[in-house]
Amino acid sequence: MKESTGIGPLSGDYDGYIVDLWGVIHNGVAPYPGSLDCLRHLKQAGKRVILLSNAPRRAVTVRKGLRAMGVTDDLYEGLMTSGECTRLMLQARTDPWFAGLGRRMLHLGPKKDVDLFTGLDLDVVEDAAQADFVLNTGPDSDRGEEDITPYLPVLQECAAHRLKMICANPDQQVIRGSRRLLCAGALASRYEESHGGEVRWIGKPHPEVYERVARMMDLPLSRILAVGDSLATDMRGAKGAGVDGCWVLGGIHQEMLGGSWEKDRDADYALAVEEARGAGLDPAACIPSFRW
C-alpha cells in the first residue's frame, strides 16, 4: 500500500474515480477541508468522477443534500446510492431473490428514507405479522441512533414471522460531526447473527452497486480508482469489483489509526498497513484525507 500525500500524485495512473461521500467528501454536516478543491482538480484534469454512497436514499435526494453543503453538481459526473440501487431492484424484480418477495413491506427506518419506495407497487404495513418482507434503512431519531437496544423487539418480531430483510445500507456506523451513529448494517448484522434472519445486502461492498457504477463509468477497470474511508465496505468492495482502492485514513477509522481532525494530526501509516493486512486487504494507496 503506497503512502501518498493526496490524490494529485496518484492522478496520472487513473482516468476514473469512484468516490465515497460520508467520511471522504463530508462528515455528514460539512465538507472536509480540501475535499471540494480535490474534486475541482480532478475535473480540471479531465478525470471522470462518480460518487458512490451507502446512503439508503434516492440519488436525487442525496444530490440535494450535497448542494446544501456546497458540493455542486458540476464537481462530479454521476451519483449512485445503495438506496437508488435498492429501489431499481425492487422495481425491476428481475433478480430471482427480489422476484420472490411479496408486495407487503414493513419499513424499518426513518421517515426521511421513504422516497426509496414511494411510487413503487408496494403495500406498506406497520405490523410484521402482515408483512412479506422488511426493508431496513437504519435507525430513526425517535428510538435513537446510538444504541441498538430499542430495535431488538422489532427484529425479534420480524424473525418470528421469518421475514426476509433488505438492508439498503451495509454500513455498521457513521460519523456525523463528532458523533458515531448506528446504520442499517448494524441492525441487519444483529438480525442475521442473533435471529438467523435472511438478509440481502445492497450497497458497498456488494457487487450490485459496482456493476451499475461500472456501466456509468465505461472505462477499463485498470484505469479506475475507488476512494473510500472504510476497509469493510469501500476497500473490500474495490477488491471485489476488480479496481484499485485508495484508503482515506481520516474517516471512520481515524481514531483507531491515531489521527485527529481537531488536533490536525494525520493517521499513522504503519498502523494502517497493519490493519489493512489484518483485514486481508491491500489497497493500492492510502491518503490522510481526500485532498489534492
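In the predicted model, the axes of helix H5 (residues 152-160) and helix H6 (residues 184-195) come within 10 Å and cross at roughly 55°, the axes being lines fitted to C-alpha atoms over the stretch in contact, with angles running from 0 to 180 degrees between N-to-C directions. H5 and H6 are therefore oblique to each other, a class left over once angles under 35 degrees are called roughly parallel, over 145 roughly antiparallel and 65 to 115 roughly perpendicular. The contact (heavy atoms within 4.5 Å) is made by Leu152, Leu155, Gln156, Cys158 and Ala159 of H5 and by Leu187, Arg190, Tyr191 and His195 of H6. By class, the contact of H5 with H6 has 6 nonpolar, 2 polar and 1 charged residues.

Arg103 is found in the loop between helix H4 (96-99) and strand S5 (104-108), where helices (H or I, at least four residues) and strands (E, at least two) are DSSP runs numbered from the N terminus. At 38% relative accessibility, Arg103 counts as partly exposed, that is, between buried (under 20%) and exposed (over 50%), with a 1.4 Å probe and protein chains only. Leaving aside neighbours within four places in sequence, Arg103 is in contact with Arg93, Asp121, Leu122, Asp123 and Asp132. A polar atom of the Arg103 side chain lies 3.3 Å from the backbone oxygen of Asp121.

Residues are numbered from 1 along each chain as its sequence is written, and side-chain values use heavy atoms, with hydrogens and water left out. Because the model is predicted, local features need pLDDT of at least 70 and side-chain atom pairs count only at pLDDT 80 or more, whereas totals for chains, interfaces and linings use all residues.

Note on methods: A polar contact is a pair of N or O atoms within 3.5 Å; within protein, one must be able to donate a hydrogen and the other to accept it, and residues adjacent in sequence count only if both atoms are side-chain atoms. Ala, Val, Leu, Ile, Met, Phe, Trp, Tyr, Cys and Pro count as nonpolar, Asp, Glu, Lys and Arg as charged, and the others, Gly among them, as polar.
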